[in-house]
Amino acid sequence: MTTKPLEAAAPPAQDAPPDPTTSARVTIRGAAKSGRRRTVPRSVRRSAGPVGLVLLWFLASATGVLPESVLASPVDVIRQAVELTKSGELPSAIAASGRRAAVGFLVGAAVALSLSLLAGLFRLGEDVIDSSMGMFRAIPWVGLIPLFIVWFGIEETPKIALVALGVTYPLYFNIYGGIRSTDAQLVEAARMMGLGRLGLITYVILPSALPGALVGLRYALSTAWLALVFAEQINADAGLGYLMSNAQQYFRTDVIVLCLAVYALLGLACDFAVRILSRRLLTWRANFEGEA
């Protein structure tokens, strides 16, 4: 009589390790659901702050908390904008101010680009230029208005010079910093591949400095309009500053606020244009865009 050998007892059942493919599918499905989740558009979120401030301003004016002698209501500012637009005063003032800002910006940008390239690409240029620019930057450029009047008179030249000076500093330091922040290993690799000095500057150094240059461009454009506010107080006979000076004499806060709002909108339009330009020129560069 034969007996069957006893079979080994099966080990107790244990939990199987999670399947990585299943986990991946769950993660992708969760990401898809979160992607389909309805969110408020960024344009709406970005405009919520300014719109809220205007509503608060309107409520303060309507309830009498903010007297008209202190600050005109948004309704009065809009009404004044319509009247000055129909009469042609506001469009001509914007054209005069825009012409001054454009000429001053071009002059300042040309000076800043030349100095930053010399200081960034050559050690001798850095030794001669950078320390001087650091010293001049410490001088408030608005405080140079009396000196500009002595040098250039009270016509258009001091206004353009003040805008150009305000533009020069942010552009210079950002372009110079962008050039000097180029990766040294990348430069060495380009040299090993046979790139000469011109090719190195064109294909390695300048593209590396482009993000910093665009940041400087944003600062420079906003500074140009800020400098223009001060520049157009120098015996201006046209422009937004001229409208503000006349309104100040008659305590017209609605016209003053209107001119300030136009300055702000022009600066915002320039900043928006630079943002679009940055997206087109920096498509090769992956940036962190913030958490959702």
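A residue is called buried here when its relative accessible area is under 20%, and exposed when that area is over 50%. The model is a predicted one, and it describes a protein with 11 helices and zero strands, in which buried residues make up 32% of the 292 residues.

**Overall architecture**

- Followed along the sequence, the elements give the pattern α-α-α-α-α-α-α-α-α-α-α.
- Among the contacts in the protein with a separation of 6 or more, 72% are between residues 24 or more positions apart.
- The accessible surface of the protein comes to about 19,500 Å², and 65% of that surface belongs to carbon and sulfur atoms.

- Helix α11 covers residues 253-281, which is 29 residues, and from its first C-alpha to its last it reaches 42 Å, close to the 42 Å expected at 1.5 Å a residue.
- An α-helix has 3.6 residues a turn, so residues three or four places apart point the same way.
- Phe251 lies in the loop between α10 and α11, and although Phe251 is not a glycine, it has a positive phi of about 55°.
- Because its relative accessibility is 72%, Phe251 counts as exposed.

**Phe148 in helix α6**

- Phe148 belongs to helix α6, which runs over residues 145-152, and because its relative accessibility is 8%, Phe148 counts as buried.
- When its neighbours within four places in sequence are left aside, Phe148 is in contact with Gly153, Pro158, Ala161, Leu162 and Leu165.
- Phe148 and Lys159 are 11 residues apart in sequence, and their C-alpha atoms are 8.6 Å apart in space.

**The second largest pocket**

- The second largest pocket has a volume of about 470 Å³, and of the 15 residues that line this pocket, Gly120, Leu121, Val187, Arg191 and Ile205 are the closest to its centre.
- The elements that give two or more residues to the lining of this pocket are α4 (89-121), α7 (156-180), α8 (184-192) and α9 (197-231).
- By residue class, the lining of the second largest pocket divides into eight nonpolar, two polar and five charged residues.

Technical notes: Residues are numbered from 1 along each chain as its sequence is written. This is a predicted model: local features need pLDDT of at least 70, side-chain atom pairs count only at pLDDT 80 or more; totals for chains, interfaces and linings use all residues. Side-chain values use heavy atoms; hydrogens and water are left out. On a 1 Å grid over the protein atoms alone, a cavity is a set of points where a 1.4 Å probe fits but cannot get out, and a pocket is an open set with protein on both sides within 12 Å along at least five of seven lines; lining residues have an atom within 4 Å of a point. Grid points are joined across faces, edges and corners, and a volume is the space filled by probe spheres set on the points. Helices (H or I, at least four residues) and strands (E, at least two) are DSSP runs, numbered from the N terminus. Ala, Val, Leu, Ile, Met, Phe, Trp, Tyr, Cys and Pro count as nonpolar, Asp, Glu, Lys and Arg as charged, and the others, Gly among them, as polar. Buried means under 20% relative accessible area, exposed over 50%, partly exposed in between (1.4 Å probe, protein chains only). Contact means heavy atoms within 4.5 Å. Accessible areas come from the Shrake-Rupley method with a 1.4 Å probe; for residues, only the protein chains shown count as cover. The expected span of a helix is 1.5 Å times one less than its number of residues.
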